Amino acid sequence: MLFRVIVSPEEIRRVTLESVPESVKELCEVLRSNLGLRGNFILQFEDPEFGNQLCNLTNIKDLPTDRATLKVLFTCSDSVSDSTLETASISSPSSASGVEWPEPFVIPDFSHDVELQLRAANDAYAKDGTVLVISKSVKSEILDKLADIISKITPYPSKDHYESVATALVEKHPCLREPGSAKGWYCWVFSLKFKMGNYRQRLMAAGCPEVVVNKRKMGQTKSKAIKKSKKGEIHYLPDPPEGQSTVTSEEKRKIMLQEVQKREPNLQLLDELMTATFSQRRKEIIGDEPLISVVMESWPALFSERQITAEVSRIVTTDLVQSFLDGLDALVPGLLQLYKAAVSSSRRLTLSSIMDSLQKEDTNQNRRTAALLGLPRFFSEDTSDVIRMCDAHDQTLDVLMKGMRVGLLIGYEGVLHDAFPLEIFNVAVVVEETIVLHSVRDVPTGFAMLMGTIYCLNLEYPCKMRYSFEFLQRVMMKIKPDQCSARIHGLRNKLLRYRL
């Protein structure tokens, strides 16, 4: 029987078996032996009865007779695949950055005596609107319990987070409402903020990575920006895996350095080592903020399309390339219509060269490129330090990259007569005037890798193109889409109207 086995987006194998194993467990063992798979995994198969949609394989008789497509999903933290989101370094239960904020926030039960007091006070409120005159001990317990729950999600809640907790609290226990405020919970928000400030001190003493990284150093008087999740990172600064020390992480990093120098490195071994050292790498990149040259020297394996994709999966639990291209393809028709309307009304004349170039060769890839390159022009943003185009054989790289803190270098051959080259020779990602990734096949994939690099290196979006990058994150990749700025929200609404 012939199998097409999807191990990861970059590794799809063909396996031929003389006979079908008698059970799913035996099939797993055969694939483990033939493909060199490590760790625990489950199998999914394309079910023809459901339009070849993936289903978990629980019975070997469910497989088609002659040939089948299987997908390997790793389930254990010590195994690695680009499609694996549950990794060793993000599975620690003490990590504060592994859970999304719940909507709505669920108020926990308090101690038995406090619950009795609240129950009686809620009955009195329902009867005549009397609010509870809360004692210091009861308020302290309520705040302690809420701070403990909040800290397990994030040690740095936002204003909206505080308000959602306060709202949920007075909805569950209306006797706690404040008669002097319009919404009944303003003072609870202030109390929660003070309590979380004190609670962070306890977390710092306990060694919580997300809080320790913001510890003020001796002699430091000027406050610095707080290092916290700002671009929708789910695992921003995770705890190390249980039982793994700094020494063992460093040993694995050194093994990785040796492996990456080989002519044909073991990609699966690199995957495993990158996963095992994820916590250490995030701690160094976020805590020390090293130069890109130091990061490339310490973690050379990170700078490949495969590893950047895997790292983003660990950070935001999203498939980088698939989410980017799927989101782009859904938005391309609306964006191009929007560009045409802007050109015809003379509001964005700089977009006319983009649309003229597309008319010369209207292919799917060029439509993607036009949509992406037209975005900053639609926002009237300056791309000179972020996106640059060059003749691959005629210009010096050092000169081309001067002033580029983070961006894309698009290489072409010959003379460029249009707004963008219709045939791309090479696309490279640049950080701090240094090429960190090259030989990217096209501009859309280059943008995806640029977004991935920003997440992997904890970089800020370029100020001159902040709206374009916000659009890529929140609208195209759908990472924290509910936190758009007013300008991005307006563009998204326009695109929805075009779709209708």
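I looked at Trp299 and found Arg281 over the face of its ring, 5.0 Å from the ring centre, and the charged end of Arg253 also sits over the ring of Trp299, at 6.0 Å from its centre; I count a charge as over a ring if NZ of Lys or CZ of Arg is within 6 Å of the ring centre and within 35 degrees of the ring normal.

I note that this is a predicted model, in which local features need pLDDT of at least 70 and side-chain atom pairs count only at pLDDT 80 or more, while totals for chains, interfaces and linings use all residues. Residues are numbered from 1 along each chain as its sequence is written, and side-chain values use heavy atoms, with hydrogens and water left out.

Next I looked up the nonpolar cores, meaning sets of buried Ala, Val, Leu, Ile, Met, Phe, Trp, Tyr and Cys residues joined through side-chain atoms within 4.5 Å, where buried is under 20% relative accessible area, exposed over 50% and partly exposed in between, with a 1.4 Å probe and protein chains only. The largest core has 78 residues, and Phe324, Phe447, Leu457, Phe469, Phe471 and Leu472 touch the most other members. Apart from it lies another core of 32 residues, including Phe110 and Ile150.

I followed Leu457 and found that, leaving out residues up to four places away in sequence, it touches Ile285, Ile292, Val295, Leu302, Phe303 and Val431, contact meaning heavy atoms within 4.5 Å.

For Phe469 I noted a relative accessible area of 1%, so it is buried.
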